[in-house]
Amino acid sequence: MDSRINLRLLEPTDSLEELTQLINRAYAVPAALGVQLEGATQGVDRTRQRIARGICWVAHADDGKLVGTATVSAGWADPACAYLSRPGLVCRYQLAVEPELHGVGVGHALRQETERWAKAHDFTEMAGFTDESHSKQIRAALRDGAAIVDRVTWPGDKHAHVVYAKPL
């Protein structure tokens, strides 16, 4: 990764509008290929709601530009997917990288930082989920040591999600 990228926790003074726009741009790339991901169209209120569930990191370039984000929370209490409620499990979601920076290590750095944090807080497993048609993300999760552990269709969704997890 470019050494000019800095990771830190989201601060109260950070713009959720700017963060939401980044998420929208990042998720618009797979959405253009037909992958149904909420992040492509979510609004600021949904970004705020998802961040409130956990802890959010942001990645900034040396010029201060926001270029990435990831959020984690202890489990994901949801009756539609019991796996995500397992003890010791931390869930990573809303991982987004500025599209022109895909492949340079920003996402990798965010994944490593969230895993480092999870280990330091005694979590034993990292989970995530994505639309079952998001083959690029699923392949990346499998390469990163995750295994597919469940499939779920959340209420109101017309499509299923793949749930993947890896030991920490």
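Reader: Is Q94 buried or exposed in this model?
Author: The model is predicted. Q94 is found in strand 4. Buried means under 20% relative accessible area. Q94 has a relative accessibility of 3%, so Q94 counts as buried.

Reader: What is phi of Q94 near?
Author: Most residues other than glycine have a negative phi. Q94 is a residue other than glycine, yet its phi is positive. The value is near 55°.

Reader: Where does D122 lie, and is D122 buried or exposed?
Author: D122 also has a positive phi in a residue other than glycine, near 65°. It lies in the loop between helix 3 (106–120) and strand 5. Exposed means over 50% relative accessible area. With 65%, D122 is exposed.

Reader: Which residues of helix 2 are buried, and why do they line one face?
Author: Helix 2 covers residues 44–52, and its buried residues are T47, R50 and I51. Seen down the helix axis, the buried residues of helix 2 fall within an arc of 100°, so they line one face. On the other side of helix 2, D45 and A52 are exposed. The buried ones, again, are T47, R50 and I51.

Reader: Which elements do the buried residues of helix 2 pack against?
Author: One partner is a helix, helix 1 (16–31). The others are strands. They are strand 2 (55–60), strand 3 (66–74), strand 4 (89–97) and strand 5 (125–131).

Reader: In what order do the elements of the protein run?
Author: The protein has 4 helices and 7 strands. Read from the N terminus on, the order is β-α-α-β-β-β-α-β-α-β-β.

Reader: What is the radius of gyration of the protein?
Author: The globule rule gives 15 Å for 168 residues. The protein comes close to that, so it is as compact as a globular protein of that length. Along its principal axes, the C-alpha trace spans about 40 × 35 × 30 Å. The radius of gyration is 15 Å.

Reader: What share of the contacts in the protein with a separation of 6 or more comes from residues 24 or more positions apart?
Author: Of the 168 residues, 47% are buried. Among contacts with a separation of 6 or more, residues 24 or more positions apart account for 62%.

Reader: How far apart are the mean positions of the positive and negative charges?
Author: The protein exposes about 8500 Å², and carbon and sulfur atoms supply 52% of that area. There are 19 positive and 21 negative charges. Their mean positions are apart by 4 Å.

Conventions: Residues are numbered from 1 along each chain as its sequence is written. This is a predicted model: local features need pLDDT of at least 70, side-chain atom pairs count only at pLDDT 80 or more; totals for chains, interfaces and linings use all residues. Side-chain values use heavy atoms; hydrogens and water are left out. Buried means under 20% relative accessible area, exposed over 50%, partly exposed in between (1.4 Å probe, protein chains only). Helices (H or I, at least four residues) and strands (E, at least two) are DSSP runs, numbered from the N terminus. The arc is that of the directions from the helix axis to the C-beta atoms. Contact means heavy atoms within 4.5 Å. The radius of gyration is taken over C-alpha atoms; the globule rule is 2.2 Å times the number of residues to the power 0.38. Accessible areas come from the Shrake-Rupley method with a 1.4 Å probe; for residues, only the protein chains shown count as cover. Lys and Arg count as positive and Asp and Glu as negative; His and the chain ends are not counted. The place of a charge is taken as NZ of Lys, CZ of Arg, CG of Asp or CD of Glu.
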